[in-house]
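These are my notebook entries on one structure. I kept them in the order in which I looked things up.

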Number of protein chains: 4
Amino acid sequence: MTLEELMVKQREFARARDWERWHTPKNLVMALSAEVGELTELFQWLTPQEAGAACAEPAARAKVEDEIADVLLYLVRLADVLGVDPIAAADAKIGRNEGRFPPGVGRTALER
Amino acid sequence: MTLEELMVKQREFARARDWERWHTPKNLVMALSAEVGELTELFQWLTPQEAGAACAEPAARAKVEDEIADVLLYLVRLADVLGVDPIAAADAKIGRNEGRFPPGVGRTALER
Amino acid sequence: MTLEELMVKQREFARARDWERWHTPKNLVMALSAEVGELTELFQWLTPQEAGAACAEPAARAKVEDEIADVLLYLVRLADVLGVDPIAAADAKIGRNEGRFPPGVGRTALER
Amino acid sequence: MTLEELMVKQREFARARDWERWHTPKNLVMALSAEVGELTELFQWLTPQEAGAACAEPAARAKVEDEIADVLLYLVRLADVLGVDPIAAADAKIGRNEGRFPPGVGRTALER
């Protein structure tokens with residue numbers, strides 16, 4: 001499945017439930033933010049070592065996948081409502097980042 | 001470009017700069033969260049009407065695209081580091097949501 | 001109760017449970033962020049009118065108070081761990097904001 | 001200065017600029033969330049050791065204090081608009097947490 005197909009599927013999911021009226025940009029930004037909060041909650045008390053192995057155990061992996069899914073679904077829905085192509089935007093941003101951060105140039109912790 | 005190709009491009013971007021050491025799950029969740037904060041900032045004081053037209057004007061659209069790009073890039077990078085396929089996870093989640101929220105069943109504001 | 005007394009109470013709560021080892025700045029910033037996500041979730045689908053009346057009904061008010069409490073508790077705990085006086089910092093910030101935003105000067109939506 | 005006095009000062013700041021019309025619960029939750037994002041950004045790439053010393057250096061301390069200030073100011077403003085006493089809510093929450101988490105009871109990483 002492509003991201004475009006996921007976007008269409010999510011759009012039709014909203015339409016079939018008459019949820020488009022709730023899917024305003026502000027509401028979707030808030031929903032995206034709340035889902036990132038749930039993803040954050042999974043990792044907040046883990047040591048770096050535990051966090052690195054967060055997907056080693058099936059039940060923990062399922063929780064992480066579930067929250068990553070929610071974040072992606074609201075991000076895609078927001079992009080759809082705003083008429084933004086998220087992959088094209090991200091690819092263009094990588095291009096700008098390549099100019100801002102040339103490889104091989106050291107950075108201090110503050111500039112990271 | 002597919003999301004998988006974007007993920008590989010972002011992975012190589014990190015590798016070329018020796019940034020993989022910073023790209024731990026906890027750090028990437030925090031970076032994702034900070035970028036959602038920047039996206040939120042663009043919309044926080046807008047009226048619903050203004051937010052609906054947030055991409056009508058080219059300079060404002062560029063800002064929105066830039067923040068959606070950053071959110072997607074960190075989400076994809078996090079998924080890569082954790083070994084999660086974000087589209088497959090999101091598609092599976094839509095399937096579960098179809099069971100949880102059958103079309104045509106009304107919902108109150110609290111249950112939305 | 002003062003905010004300083006709340007900070008001490010929260011500090012002793014952590015100490016009595018041997019939770020100080022988890023209360024690193026990064027972990028507490030993540031916990032703060034996750035709690036703001038829960039607060040956001042309460043408001044995300046509400047219309048502006050519904051959100052304005054979010055505390056009119058006792059059960060809904062209790063949820064809002066519970067999340068505001070969690071946000072304040074983690075903010076105070078983070079400030080304590082970092083050795084920051086949050087009220088002094090906030091009062092100093094209001095002073096700077098008074099210089100940045102003189103009363104009576106109109107602002108556009110973008111500058112808000 | 002007490003938190004109550006800070007709340008009144010922040011209320012008068014908003015009133016003097018005619019900003020009360022923007023200070024709806026949804027907008028303030030978004031602003032709070034965006035400020036937590038800026039606080040998160042300060043810590044996202046730091047190692048645990050660097051984060052522990054985030055306030056050791058004056059310029060870095062000033063940035064942390066500035067973001068903690070912004071978070072507290074929007075939290076207090078939101079509580080004011082909603083008619084919530086944040087310290088009373090937080091104190092009541094500590095009381096509930098004392099019942100939920102008795103001292104001396106071990107917790108696993110997942111339950112933390």
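Which side chain does Arg21(B) meet in a salt bridge? I found that of Asp18(B), at 3.7 Å from N to O. I count a salt bridge when a side-chain nitrogen of Lys or Arg is within 4 Å of a carboxyl oxygen of Asp or Glu.

**Ground rules.** I am working on a predicted model, in which local features need pLDDT of at least 70 and side-chain atom pairs count only at pLDDT 80 or more, while totals for chains, interfaces and linings use all residues. Residues are numbered from 1 along each chain as its sequence is written, chains are lettered from A and ligands numbered from 1 in the order in which they are written, and side-chain values use heavy atoms, with hydrogens and water left out.

**Entry 1: the Arg21 and Asp18 pairs.** I looked up accessibility for the chain B pair. Arg21(B) is exposed at a relative accessible area of 51%, and Asp18(B) is partly exposed at 42%. My cut-offs are under 20% relative accessible area for buried and over 50% for exposed, with partly exposed in between (1.4 Å probe, protein chains only). I then turned to chain D, where Arg21(D) forms a salt bridge with Asp18(D), with 3.7 Å between the closest N and O atoms. Arg21(D) is exposed at 52%, and Asp18(D) is partly exposed at 43%.

**Entry 2: salt bridges between chains.** My search of the whole structure gave 36 salt bridges over all chains. One that I followed up joins Arg96(B) to Asp66(A), with the closest N and O atoms 2.6 Å apart. This pair crosses between chains, from helix α5 (residues 86–100) of chain B to helix α4 (residues 58–82) of chain A. I take helices (H or I, at least four residues) and strands (E, at least two) as DSSP runs numbered from the N terminus. Arg96(B) is partly exposed, with a relative accessible area of 41%, whereas Asp66(A) is buried at 18%. I also noted a network of salt bridges that links Asp66(A), Asp70(A), Lys93(B) and Arg96(B).

**Entry 3: chain D against chain C.** How many residues does each chain bring to this contact? Chain D gives 61 residues and chain C gives 61 residues, with contact meaning heavy atoms within 4.5 Å. The buried area is about 5,100 Å², and carbon and sulfur atoms give 73% of it. By buried area I mean the accessible area (1.4 Å probe) that two parts lose on being put together, summed over both. Lys26(D), Ile68(D) and Ile94(D) supply 12% of the area that chain D buries against chain C, more than any other three residues.

I found eight salt bridges across the interface of chain D and chain C. In one of them, Asp66(D) pairs with Arg96(C), the closest N and O atoms being 2.6 Å apart. I also counted 18 residue pairs in polar contact between chain D and chain C, both residues at pLDDT 80 or more. A polar contact is a pair of N or O atoms within 3.5 Å; within protein, one must be able to donate a hydrogen and the other to accept it, and residues adjacent in sequence count only if both atoms are side-chain atoms.

On the chain D side, α1 (3–16), α2 (25–43), α3 (48–52), α4 (58–82) and α5 (86–100) each give two or more residues. The largest share comes from α4(D), with 14 residues. By class, this side has 38 nonpolar, ten polar and 13 charged residues. For these classes Ala, Val, Leu, Ile, Met, Phe, Trp, Tyr, Cys and Pro are nonpolar, Asp, Glu, Lys and Arg are charged, and the others, Gly among them, are polar.

**Entry 4: how the copies are related.** A rotation of 180° with 0.0 Å of shift along its axis superposes chain D on chain C, at an RMSD of 0.0 Å. The two copies are therefore related as by a two-fold rotation axis. I superpose by least squares on the C-alpha atoms of residues with pLDDT of at least 70 in both copies. Since 100% of the interface residues of chain D are also interface residues in chain C, the copies meet through the same surface.

**Entry 5: chain B against chain C.** Here I found twelve residues from chain B and twelve residues from chain C in contact. The buried area is about 1,100 Å², 57% of it from carbon and sulfur atoms. α2 (25–43) and α3 (48–52) of chain B are the elements that give two or more residues to the chain B side, and α2(B) gives the most, with five residues. The chain B side divides into six nonpolar, three polar and three charged residues.

**Entry 6: Asp80(B).** Is Asp80(B) buried or exposed? Asp80(B) is buried, with a relative accessible area of 18%. I located Asp80(B) in helix α4 (residues 58–82) of chain B. The Asp80(B) side chain makes a polar contact with the side chain of Arg11(B) at 2.7 Å. Leaving out residues up to four places away in sequence, Asp80(B) touches Met7(B) and Arg11(B).
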